Every structure is written in structure tokens, then in C-alpha cells.
Amino acid sequence: MVVHKIAAGLKKTRDNLSSAFKSIFQPNAPLTDDIYEEVEELLIQTDMGMDTVTTLVSTVERQLSRKEKQNVSMVFDTLQQELISMIDTHDTSLHRAQSGPTVIFIVGVNGTGKTTSIAKLANRLLADKKKVVLAACDTFRGAAIEQLEIWAQRTGTYLVKHQHGSDAAAVAFDAIEAAKARNADYLLVDTAGRLHTNKNLMEELKKIKRTVEKQIPDAPHEILITIDAVTGQNAIPQVKTFHEALNLSGVILTKLDGTAKGGIVIRIQKELNIPVKFIGIGEGMDDLLPFDSSEFVHALFEV
């Protein structure tokens, strides 16, 4: 079921590759140098990244040059296996606190699906019988608190909030206290949807982090950034800036079903060395899925 949903979510990317792959990967066709160039061009179009694609195709070419019998179908199969090996180097599971609530920060730019991802993540945790508390620390954007409150009501999740314009760190402080008092398993912290170039808002985020660290020394246990897959490679500077400021632990890649640039998942993991932990492949509450490199690659290359 999960594999089917991932395949459906990657439809636009896969459709972009499918007809071209079918024309290249004819069974028992001779293997020529042009094949590798065509494959490179196709993969670069998915925003997989020039360096990643070059390394991948070069590795496949070297491997197959040692085979006595070569045909293009071997390129297709070897390409998938090498790609899985290339990106299957991270622990994509959620970190857990040894005791007390696990604190997860969700950061990112407005419009990337941050608040919706919080609701979907809360829904996943609640389905696993976990007790969840939400913290409305986006006190900067108008209606952000109200938006999270709606999701809290829909999911039946306890929400800690203050007034619009209040100190976000104070909200975080109260949320920690509430999570402890309620014996919550998880505290999900929404944050202001700042542009990565906005210094003041970035400093506010650091302040929230310091506040949480004082109350729970090993928190936050996760700092996840939401990235809109539709923006493709333009999301890379966002990730880099947030990572430099906060030491991100993972990525939630949203709206993957709305783009033909699904290769950005691979670029983030390979070039930035940050694990993609969840992918959003639809509007439904169950459409936030844990990232699995093997399932993802097979869904991407399904023809």
C-alpha cells in the first residue's frame, strides 16, 4: 500500500522519465556511449543535481564495463541499485528522547506546507497511540495560531498558544511544561515561517531553541525543515542557511505529487548530507509518509 502511494505521488516525475526510458532501455539492445549521455540528461532534468548524476552514471558505467555481456536493461537495473546504495546512508527514523517528551521543531519558509505537515505528523503519532502536544510558536504571522488551532481540533491534540505578537520563546517554555505535566510522548513546535535571509526571525528561532535546551538538555531531539518539492533546486539555499544556524536533523519534502522534479530528494541527501525523513505525496492526512530509499527509487524508475 505504501509503495503504491509513493508511486502515485511520484507520477509527474515518473511520467517525465517513463517514455524516454522506454525508448532507451530496449531489451537486448546494444550498449553504446550515447546511452550514458542520454541517461545523464534525463536525470538532471529531475533536479537530482549535476554532481550526483555524474557520479552515479560514472559508477554504473565502470561497473558495466567489466561485464562480458552488456545490454541497456543492465544499465537500468544497475542504475537503480547504485542510486539506492548512494542515498541509503542515513537513519531516517525519528529520534526519541530517552525519557520525557520528544521535542520536534518544524521550521521552514511560509508556503512550504509547514503547519499542515505538523498536523499530518501529529496524526501519524496519534495513530501509533502516542500522546502529542502542539506549540503555536509562530506568533509572527497573522492567522498562524488560528490555523494550528484548527488542526489541533481536527486531530484532537492539545495546543499551547499565546496571543499574536507574543514572545515565541515564552510559548515554547509553557509548552514544555504542559508536555511534561500531561506525560506527552511528543511535543511538536510550530515556528514562524521565516525567509532564510531574515536575520531577526532566525535569531528568534535560536532563542526558542535555547529556551527548550534549558528545560530539557538534549532537546530539541529533531529539527525538521519543510521544503516544497515544486521549488526543486531553488530550495537548496534555504536548507543550507537553516542548517548552518540550527544543525537540521532532517527534511520533510512536501508537495512531491505536484512536481516533475522529484530527484531533489536525492540531491538533498547526497549533496547536503541531511536525511529526508518524510515525503508529502497528497492532501490527505495519511499522505505524509516515512522516506524509504528503496521504495522511493523503485517508484521513481517504474516504467
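Does Lys209 count as buried or exposed, and at what relative accessibility?

## A lysine in helix H9

Lys209 counts as buried because its relative accessibility is 18%; buried means under 20% relative accessible area, exposed over 50%, and partly exposed in between, with a 1.4 Å probe and protein chains only. Lys209 belongs to helix H9 (residues 199–215). Helices are DSSP runs of H or I with at least four residues, numbered from the N terminus.

Leaving aside neighbours within four places in sequence, Lys209 is in contact (heavy atoms within 4.5 Å) with Phe105, Pro220, Ile223 and Leu246. The C-alpha atoms of Lys209 and Ile223 are separated by 9.7 Å, and the two residues are 14 residues apart along the chain.

## Basis of the model

This is a predicted model, in which local features need pLDDT of at least 70 and side-chain atom pairs count only at pLDDT 80 or more, while totals for chains, interfaces and linings use all residues. Residues are numbered from 1 along each chain as its sequence is written, and side-chain values use heavy atoms, without hydrogens and water.

## Nonpolar cores

A nonpolar core is a set of buried Ala, Val, Leu, Ile, Met, Phe, Trp, Tyr and Cys residues joined through side-chain atoms within 4.5 Å. The largest has 83 residues, of which Leu253, Ile279 and Phe296 touch the most other members. Beyond four places in sequence, the contacts of Ile279 include Ile6, Leu256 and Phe291. Another core, of 20 residues, lies apart from it and has Val132 and Ile252 among its members.

Methods: Helices (H or I, at least four residues) and strands (E, at least two) are DSSP runs, numbered from the N terminus.
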